[in-house]
Amino acid sequence: MILPRLFYKDQFIRRIKIMDIQSKCVQAGYEPKNGEPRVLPLYQSTTYVYDTPEQLANLFDLSEAGHIYTRISNPTVCAFEDKINALEGGVGALACSSGLAAETLAILNVCNAGDNIVSLSTVYGGTFNLFNVTLRKYGINTTFVPSSATREDLLAAIDDNTKILFCETVANPSMHIVDLEMISSVAKEKGVLLFVDNTLATPLVCKPIEFGANIVIHSTSKYIDGHACCVGGIIVDAGNFDFKGNPRYKELNVPDESYHGLVYTDCAPASFITKARVQMMRDLGCCMSPFNAYLTNMGAETLHLRMAKHGENAMACARMLANHPKVEWVKFNGLDGDENYNKARKYFREGYNSGMVVFGVKGGLEEANAFMNALEFAKIVTHIADARTSVIHPATTTHRQLSPEQLVACGISDNLIRLSVGIECSADIIRDLEQALDKVN
Ligand code: PLP
């Protein structure tokens, strides 16, 4: 039986086998034993059977490993969690019903009313709203800092109530690449947790834990699923933050009365993810369904192949766009001369890039719309990072709720098109972009 990656008091965390990341995509998380199915089974069950009440009581005590109820853990979901955990190099992961659910749960795992988050302003629009509106209603404030913030700016933004420093590896949609070493050194100096949303990079392109991230979050709805069929999210705990005796993170080092006195630091190094699962997921209930885990896990088995092709196609599109007379500017970190090129080469796996290309059609909203309307092969969808090429106009859709000032802070202009380059034949994608640009006046 596949069990949740928790630190069961005296038990040992299962060690991830040494294998290349490409093999981990295919095989990590599920190791069938003699006579068991080759393919990860779908355990479509809410409940689990035990012979004695004492045995079930031991599970509630975390003194024995096993599944209690699918809201807390499920074998199919755990196998998927283990795969992503292995890819990111963490000590444990927790799958959630969406990327935003994963962010919310991870934040509430350490933040209370009166605490604050320091975040780069170049984050996904939904994240921006969560931070700027919803969390504020519950007394958790966010200080936004521009993506150009220096080390000193970041140090100055962090105060005694800051619990989290938050950023995206590749920002959606500004394409800003965070200087992971710089930001993690700030988090370390101040003793705060660094959360990195690695959705647009994926562990195939960048592994933030290697550069000092403490918590990695994904919207698995994007590249990890890769087929646009399951909304989901995941939290990976690097296990590299010492919560013991730390007054900033009391929730982890004093007895949790809601869990009969459990002290999460006794579960170190998996303290954060153990609390996230047994307390926050128990109470918030935003779990990933076994069926979504089954499908997303299957998608993840080809993540290495897809990311290579996404990056290759994106490079071909970016090169064409950069030389097109109807295009004002292009942002793609694989292009030599792009403002993020050097950071991409420093932090990205050699030969890999995200498949996102952002560009400005010459003119404004009208020209951007004319381009979008003329597309035939690429489709207009509220989604990115799946196998099919798609486009969106963020200013009027995903970021519509933002004020003009906030749009500027997020790096979004009226003529900005976000192109999510798929894994079709690059010639077909380019032909479509060219014919649509030809129709712009
Ligand atoms: N993080 C990033 C970078 C995203 O692009 C998105 C969605 O587009 C999310 C988080 C939210 O994920 P979900 O849509 O799965 O809730």
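Let's start with T70 and Y48: their side chains are joined by a polar contact of 2.6 Å. Keep in mind that this is a predicted model.

Where does T70 sit? Look in the loop between helix 2, residues 53–60, and helix 3, residues 75–88. And is T70 buried or exposed? Its relative accessibility is 10%, so T70 counts as buried, the cut-off being under 20%. Leaving aside residues up to four places away in sequence, T70 touches S45, T46, Y48, C287 and P290.

That list includes C287, which brings me to the cysteines. How many disulfides does the model have? The count comes to zero. Remember that a disulfide is a covalent bond between the sulfur atoms of two cysteines. Take C78: the closest cysteine sulfur to its own is in C287, and because the two are 11 Å apart, they are too far for a bond. C78 is buried, with a relative accessible area of 1%. C267 is in no disulfide either; for C267 the nearest cysteine sulfur is that of C78, 15 Å away. C267 is buried as well, at 2% relative accessible area.

Please find the open sheet of five strands, which run in the order 8-9-12-11-10 with mixed pairing. Which strands are at the edges? They are strand 8 and strand 10, the latter at residues 379–380, and each of them pairs on one side only. Further in, strand 9, residues 356–361, pairs with strand 12 in the antiparallel sense, over five bridges. As a reminder, strands of a sheet pair through backbone hydrogen bonds, either parallel or antiparallel.

Two of those strands come up again in my last stop, helix 16. Helix 16 covers residues 426–438, which makes 13 residues. From its first C-alpha to its last it reaches 18 Å, close to the 18 Å expected at 1.5 Å a residue. Which residues of helix 16 are buried? They are I429, I430, D432, L433, Q435, A436 and L437.

Note on methods
Residues numbered from 1 in each chain as written. Predicted model: local features only at pLDDT ≥ 70, side-chain atom pairs only at ≥ 80, totals over all residues. Heavy atoms only, no water. Helix = DSSP H or I, 4+ residues; strand = E, 2+ residues; numbered from the N terminus. Expected span 1.5 Å × (residues − 1). Buried < 20%, exposed > 50% of the residue type's maximum accessible area, 1.4 Å probe, protein only. Contact = heavy atoms within 4.5 Å. Disulfide = S-S within 2.5 Å. Pairing = 2+ DSSP bridges. Polar contact = N/O pair within 3.5 Å; in protein donor to acceptor, adjacent residues only side chain to side chain.
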